[in-house]
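Subject: Structure handover

Hello,

Please find the structure below. My notes on it follow.

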Amino acid sequence: MRRFTGKTLLIATHNQGKFEEMQHLLEPFGVTVTSAKDHNLPEPDETGTTFVDNARLKAHAAAQATGLPALADDSGIEIDALDKAPGVYTADWAETPSGRDFVMAMTKTHDMLEERQAAHPRAARFCCTLVLAWPDGHDEVFPGVMEGQVVWPMRGDQGHGYDPIFQPDGYDQTFGEMDRWEKNKISHRADATRKLVTIFERA
């Protein structure tokens, strides 16, 4: 595994919430982080069919465009009773002509589960794949997962995406009810990041 020895890392996302999460998680390692927005990078089309495909696509595009090592993630929710959908299409399910509407997406998800008369608990997991790419084309891949179930009705107004209907195993709160930084300690992204940070050399 290649170690990261640089001082600056580009977080290849336009999502401010994701950027702040990664910034917070990487803070102990003394790495300066910048975002795709800081570099005016376009958002590449996510044409992959797996989380790792899409994360690789974003990381390599950003690394090639800036000459900096770039970290990208692709994440989503898999629901067993929906044959692991929406999966890599999690954000697509929320797309509308006027932007993403996750309340609509969560309602659609619940309706589909009801139509299938899915048994409870409705097992699901949040998945996150982080890819760190270097300008020379090398990359390292770090998958993370958080097991749980989808619940209804929606609960909580914290977090983003499907958080209000996802209750992680071992907890009685949804991600939408949890304090943001508490969630970050147990989330799928935290799981992937725990693997990622093993390649950083402490100052």
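First, a term: a residue is buried when its relative accessible area is under 20%, exposed when over 50%, and partly exposed in between, with a 1.4 Å probe and protein chains only. Helices (H or I, at least four residues) and strands (E, at least two) are DSSP runs, numbered from the N terminus.

This is a predicted model, so local features need pLDDT of at least 70 and side-chain atom pairs count only at pLDDT 80 or more, while totals for chains, interfaces and linings use all residues. Residues are numbered from 1 along each chain as its sequence is written, and side-chain values use heavy atoms, with hydrogens and water left out.

**Helix H3**

H3 covers residues 102-115, which is 14 residues. From first C-alpha to last, H3 reaches 20 Å, close to the 20 Å expected at 1.5 Å a residue. That expected span is 1.5 Å times one less than the number of residues.

Which residues of H3 are buried? They are Ala105, Met106, Thr109, His110 and Leu113. Seen down the axis of H3, these buried residues fall within an arc of 135 degrees, so they line one face of the helix. The arc is taken from the directions from the helix axis to the C-beta atoms.

The buried residues of H3 pack against strands S3 (70-79), S7 (122-133) and S8 (139-150). Contact here means heavy atoms within 4.5 Å.

Now the two ends. At the start of H3, a side-chain oxygen of Asp101 comes to within 3.2 Å of the backbone nitrogen of Val103. Just after H3, Gln117 has a positive phi of about 50 degrees.

Lys58 sits in H2 (residues 51-66). Is Lys58 buried or exposed? Lys58 counts as buried, at 11% relative accessibility. Its side chain makes a polar contact of 3.3 Å with the side chain of Glu46. A polar contact is a pair of N or O atoms within 3.5 Å; within protein, one must be able to donate a hydrogen and the other to accept it, and residues adjacent in sequence count only if both atoms are side-chain atoms. The Lys58 side chain also reaches the backbone oxygen of Asp73, at 2.7 Å.

Asn54 is buried, with a relative accessible area of 1%. Its side chain reaches the backbone nitrogen of Gly48 at 2.7 Å. The Asn54 side chain also makes a polar contact of 3.3 Å with the side chain of Asp74.

Best wishes
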